[in-house]
Amino acid sequence: MHEMAICESIRQIMEDQAREAGFARVERVRLAIGALSGVEIAALQFGFDVVMRGSVAQDAKLEIEEVPGSAWCMPCARTVEIAARYDACPHCGSYQLQVTGGEDMTIRELEVV
Amino acid sequence: MSQARLIRLEADILGKNARYAAANRDRFTAQGILALNLVSSPGSGKTTLLCRTLEMIGAEFPVAVIEGDQQTSQDADRIRATGAPAIQINTGKGCHLDGHMVGHALDHLVPAEGSVLFIENVGNLVCPAAFDLGEGARVAILSVTEGEDKPLKYPDMFASADLVLVNKIDLLPYLDFDVDAAIANARRVNPRLRVLKVSARSGEGMTQWLDWLRAARAMALAARVPVAG
């Protein structure tokens, strides 16, 4: 539901960048979206084209890199991969996990002209 | 033909909100204000719980309230009826409060030093999870008329909460709600979560909630960093 707000933040960052770095158009944007960031990638893709209309990124190609969720398992004392926050450790079954990665959403790079 | 070029950014998409939230947090820290972000699904009894809390606090310490709703000022009106200063933010089409809106509300509300600021977020267990407001603690309210699997269905919210208030426990005799299962589910998502069982209606558990508030406020006051000059 808040994917539109996320798209608006992306648009804002690109508009700011266009002024700072002096470019006219974004041809391609690459995002890294963590599996635990709470964002639905399909909804983000859906909202992207609509929100980018009339901006420097109108008709830009959207690429999304999915970053897996990772957590530190206390009993195993090692980093494990998880798909959701309530997942148990895939090795020992414990829920004593501390999320260490896959929570962020970043704009990796822009291809601009 | 102009040449395409690549700009490496590594920019946090929520970076702007994070900056507004940090500014709010600095303001709270400087003035020893305990800011609480109250989140829940619609109908959890959040506003009733808040009104009851404000009545119990009375004149013990200063309070202020920011109300977030898509439409109407009904909730702020209910809060003002308790005597607490309140400001209503209508998010319109928005599904959550953000750091910028709260900063703007603070300019108008100007909570007193050492006060407890309650920020009642839009009733929604999904979107408000992603937006830091600069709060000192996030309090999720889960009522027993909802399912005990809510923490698993909306893990982001419960993962980011500091305290869960299980509300409407006076209704437990009439429901199949398994409180222990709900708490276990919440702790599965967030092992550090604190849980209090309350009823705004019967008053059960409200003294413990007040104790939690007093302790959290004392910590905010003790950690106060007044702005130099």
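Colleague: Why does B:Cys127 count as buried?

Modeller: In this predicted model, local features need pLDDT of at least 70, side-chain atom pairs count only at pLDDT 80 or more, and totals for chains, interfaces and linings use all residues. Buried means under 20% relative accessible area, exposed over 50%, and partly exposed in between (1.4 Å probe, protein chains only). B:Cys127 has 0% relative accessibility, so B:Cys127 counts as buried.

Colleague: Why does B:Cys51 count as buried?

Modeller: The relative accessibility of B:Cys51 is 9%, and therefore B:Cys51 counts as buried.

Colleague: What makes A:Cys76 partly exposed?

Modeller: Its relative accessibility is 26%, so A:Cys76 counts as partly exposed. Contact means heavy atoms within 4.5 Å. Not counting residues up to four places away in sequence, A:Cys76 touches A:Cys89, A:His91 and A:Cys92.

Colleague: Why does A:Cys92 count as partly exposed?

Modeller: A:Cys92 has 40% relative accessibility and therefore counts as partly exposed. With residues up to four places away in sequence not counted, A:Cys92 touches A:Cys73, A:Pro75 and A:Cys76. Residues are numbered from 1 along each chain as its sequence is written, chains are lettered from A and ligands numbered from 1 in the order in which they are written, and side-chain values use heavy atoms, with hydrogens and water left out.
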